[in-house]
Amino acid sequence: MYRIISGRWKSKKISAPKHFDVRPTTDFAKEALFSILENTYDMQSISVLDLFAGIGSISLEFASRGCKDVFSVELNPKHTSFINSTASELDMSSQINVQRGDVTDWLKKFRNKKSFEIVFADAPFETEENKYQEILSLVLNNKYLKENGILIIEHQSRLKLDHPNLIDTRKYGNVSFSFFKPNTSDTDNQEI
């Protein structure tokens, strides 16, 4: 179970079926992350790409806060169905576009088609560093980020992601968020 932290559906508890093998971002970490993001972006005017969407914890949080353009990419058909039904139940279907597919395949297929202010990737915790580097490369080298955009990767705190575009890492217990700037010279001075 997780809850929506803020916005239209503040404090709404979302209960996933017990047999789902998911690890939603903790409320503590999610609250800290969105505090950072809301100080940087107007939630109602941005586009978000949620990779490894799981059961929609992050996607629904963005939608609850007024984001009208959320793409959620998830491989598990039970999870995509759950996100769709929950979005429908909460009257968010027009805000969340659920895409079923493997994240790396999806990123290769849709390269250079749409850009986002925020790309969020919460790969399974056992993901190897080379897989994170592949996701970084696919997002940063294929115009998935707008000039003012940010790529956020959620990962185990013991994993240190090294990349020239890394601008910050915030640790919340065993979970960390690493922030990466787009591949443009205009945003070299961007800070979180």
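# Ring pairs, salt bridges and nonpolar cores

F28 is exposed, with a relative accessible area of 58%. Exposed means over 50% relative accessible area, buried under 20%, and partly exposed in between, with a 1.4 Å probe and protein chains only. The model is predicted: local features need pLDDT of at least 70, and side-chain atom pairs count only at pLDDT 80 or more, while totals for chains, interfaces and linings use all residues. Residues are numbered from 1 along each chain as its sequence is written, and side-chain values use heavy atoms, leaving out hydrogens and water. Helices (H or I, at least four residues) and strands (E, at least two) are DSSP runs numbered from the N terminus.

**Aromatic pairs**

- Rings of Phe, Tyr and Trp (its six-membered ring) pair if their centres lie within 6.5 Å; planes under 30 degrees apart count as stacked, over 60 as edge-to-face and the rest as tilted. By this rule there are seven aromatic pairs.
- F28 and Y172 form an edge-to-face pair, because their ring centres are 5.7 Å apart and their planes stand at 80°. F28 is in helix α1 and Y172 in strand β8 (residues 166–172), so this pair ties together parts 144 residues apart in sequence.
- Y172 is buried, at 15% relative accessible area.
- The ring centres of F120 and F177 are 6.2 Å apart with planes at 50°, so that pair is tilted. It links distant parts of the chain, with F120 in strand β6 and F177 in strand β9, 57 residues apart.
- F120 and F177 are both buried.
- F28, F120, Y172 and F177 are joined into a cluster by ring pairs.

**Salt bridges**

- A salt bridge is a side-chain nitrogen of Lys or Arg within 4 Å of a carboxyl oxygen of Asp or Glu. The structure has nine of them.
- R65 bridges to E38, with the closest N and O atoms 2.8 Å apart. This pair links distant parts of the chain, 27 residues apart: R65 is in the loop between α2 (57–64) and β4 (69–74), and E38 is in helix α1 (residues 27–38).
- R65 counts as buried at 10% relative accessibility, whereas E38 counts as partly exposed at 37%.
- A network of salt bridges links K30, E38, E61 and R65.
- K114 and D69 form a salt bridge through their side chains, at 2.8 Å from N to O. K114 is in the loop between α4 (103–109) and β6 (116–121) and D69 is in strand β4, so parts 45 residues apart in sequence are tied together.
- K114 is partly exposed at 28% relative accessibility, and D69 is partly exposed at 22%.
- E117 meets K146 in a salt bridge, at 3.3 Å from N to O. E117 is in strand β6 and K146 in strand β7 (residues 145–156), which places the linked parts 29 residues apart.
- E117 is buried at 7% relative accessibility, while K146 is partly exposed at 29%.

- Y132, I135, L136, L138, V139 and L140 are the buried residues of α5. They pack against β3 (47–51), α4, β6, β7 and β9 (175–180).
- Contact means heavy atoms within 4.5 Å. N142, in the loop between α5 and β7, is in contact with R111, N112 and S137 when neighbours within four places in sequence are left aside.
- N142 counts as buried, at 6% relative accessibility.
- A polar contact is a pair of N or O atoms within 3.5 Å; within protein, one must be able to donate a hydrogen and the other to accept it, and residues adjacent in sequence count only if both atoms are side-chain atoms. The N142 side chain makes such a contact with the R111 side chain, at 3.4 Å.
- A polar atom of the N142 side chain also lies 2.8 Å from the backbone oxygen of L138.

**Nonpolar cores**

- A nonpolar core is a set of buried Ala, Val, Leu, Ile, Met, Phe, Trp, Tyr and Cys residues joined through side-chain atoms within 4.5 Å.
- The largest nonpolar core has 39 residues, of which F62, I96, I118, I152 and F177 touch the most other members. Two or more of its residues come from each of α1, α2, α3 (77–89), β5 (96–100), β6, β7 and β9. Helix α1 gives the most, with six residues.
- Another core, of 25 residues, lies apart from this one and includes L51, F52, L136 and L145.
- Apart from neighbours within four places in sequence, I118 is in contact with L37, Y41, I46, S47, V48, L49, F62, I150 and I152.
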